[in-house]
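The following paragraphs lead the reader through one structure, beginning with a single pair of side chains and ending with the way its parts meet.

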Amino acid sequence: MTEITTKTALTDTFLQQKEYFASNTYPSYKERISDLEKLKAIIIDNQEAFINAMSQDFGHRSADDSRIGDILTTVMGINYAIKKLKKWMKPEKKHIGILFQPAKGKVVFQPKGVIGIIAPWNYPVFLTLGPLTTALAAGNTAMIKMSEYTPNTNTLLAKLIADIFPRNKVAIICGESDMAADFSSLSFDHLFFTGSTGVGRLVMKAAAENLVPVTLELGGKSPTIIDNDIDIKTAVSRLILGKTLNAGQTCVAPDYIFCPRNKIAELTQAFQSAYQSMYPRTEKNDDCSCIINDAQKARLDSLLADAEAKGATIMPLSADSDGTSRKMPLTLITDVNDDMTVMQQEIFGPLLPIIGYNNIDEAITYINSKPRPLALYICSFSKSFQQQVLLNTHAGGVCINDAAFHVAVDDLPFGGIGASGMGQYHGSEGFKTFSHGKSVLSRGRISLGSLLFPPFGNKIHQLLFKLFIR
């Protein structure tokens, strides 16, 4: 049995990892590199198996959606960690002021211990093995709770992980929401969660009972602002893949667009043309991924029905879909307002509301009136326009003239702000997230500390106060 599916097995595995880490509190550089290379090998050697498993879980998932969103990104992240690990592990030298001389200061990065990782269903390899990569690079053990929506991927990953790692080092946990609740209640040394804001609150509440530090990678409604001066076809070419990859089931997919009011018609036409060239049809098209399950499809259908009932114009960009299958075309929604549910909830699918604006201050004011998003996208070649949006809005991350692909850049920290999450990972920031930066002040044979000893009020004290309290 490679999958852990009971509360007893969950607790036993946690205790085994605690015991293992207690006997191996600082794995060597060589051991960490070996772990990363083994992790990379299971991805490289089993690409097709992973692609097939994810497609089974989705009902159908484009093989290239999986290659781009899960395989490529995971391998790139591991390669980058292997390349940079020696540098990351080096203690950081710190400045020591003259008052504390002679002395040296440094920060030593120490593994935290047992890391809990709760993975989502939308990118079940990348959003599982990405956090695991940095957890192992930092020298930790890890337990991973997989989504119940991806059983085929879970079974495959559990088997492959068990083949290369003992359970007391890396373990895959399966099961329904009750198992996730039990998982969240364990006293991990760090808990990492990717998922919805609502579930993130529950995870944080459970972690608080044990004072477990958390990283929350959540979501929200990521806006896009199109400048009046940019060519509309160019803007669409920079946005469309970020919205259509994985059928829009991406936490950083553009959630709605601000477009100059006089260019909305041009924008919808440009989307229609670009989408038709990418996906000439929806049904019987292997490049089109399905919505993950019937419940998610019903949720998206209800968003469309609610918007239409409240006055929105619905524009599906493919005519061959009758709405009965889980393959949904990109669907534009115009004439929207905040009473519509589609403008209140994260969409997480191929629906794209468009809002007209007359001046940039309108768009900035609107964005700032909402919870802070995970991502924000700017389509403009004007430096002043870019700076105006960058400096006057908040978001976890930003792309300028691109969408979503900042997540795949190895050395850019990734994380949310406010309701879209807390903490960062990827690259050196990920290494530090899963490490404790231990401050170390060291003195040698000579110490002048005794000059500060009582009795107070002597000339040395008076001189020190005069020099440093000013």
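In this predicted model, the side chains of Lys 18 and Asp 189 form a salt bridge, with a distance of 3.1 Å from N to O. The pair connects distant parts of the chain, for its two members lie 171 residues apart. Lys 18 belongs to helix α1, which covers residues 7-22, whereas Asp 189 lies in the loop between α7 (177-184) and β6 (190-194). Over the whole structure, the search finds 17 salt bridges.

Strands of a sheet pair through backbone hydrogen bonds, in either a parallel or an antiparallel sense. For β15 and strand β7 (residues 214-217), the sense is antiparallel, and the pairing extends over two bridges. Within β15, Gly 421 is the bridge partner of Glu 217.

Domain 1 consists of 7-218 together with 421-437, and domain 2 of 223-408. The centres of domain 1 and domain 2, taken over C-alpha atoms, are 31 Å apart. To the contact between them, domain 1 contributes 17 residues and domain 2 contributes 23 residues.

How much area is buried between domain 1 and domain 2? The size of an interface is often expressed as the accessible area lost when the parts come together. Here the buried area is about 1,700 Å², and carbon and sulfur atoms give 56% of it. On the side of domain 1, Phe 58, His 60 and Trp 121 lose the most area to domain 2, and together they account for 31% of what that side buries.

Which kinds of polar link does the interface hold? Across the interface of domain 1 and domain 2, the rule finds zero salt bridges, but it does find eleven residue pairs in polar contact. Two helices, α3 (47-58) and α4 (63-89), each supply at least two residues of the side of domain 1 that touches domain 2. Of the elements on that side, α4 gives the most, with four residues. Sorted by class, the side of domain 1 that touches domain 2 comprises eight nonpolar, six polar and three charged residues.

Methods:
Residues numbered from 1 in each chain as written. Predicted model: local features only at pLDDT ≥ 70, side-chain atom pairs only at ≥ 80, totals over all residues. Heavy atoms only, no water. Domains from an automatic or database assignment. Contact = heavy atoms within 4.5 Å. Buried area = accessible area lost by both parts, 1.4 Å probe. Salt bridge = Lys/Arg side-chain N within 4 Å of Asp/Glu carboxyl O. Polar contact = N/O pair within 3.5 Å; in protein donor to acceptor, adjacent residues only side chain to side chain. Nonpolar A, V, L, I, M, F, W, Y, C, P; charged D, E, K, R; others polar. Pairing = 2+ DSSP bridges.
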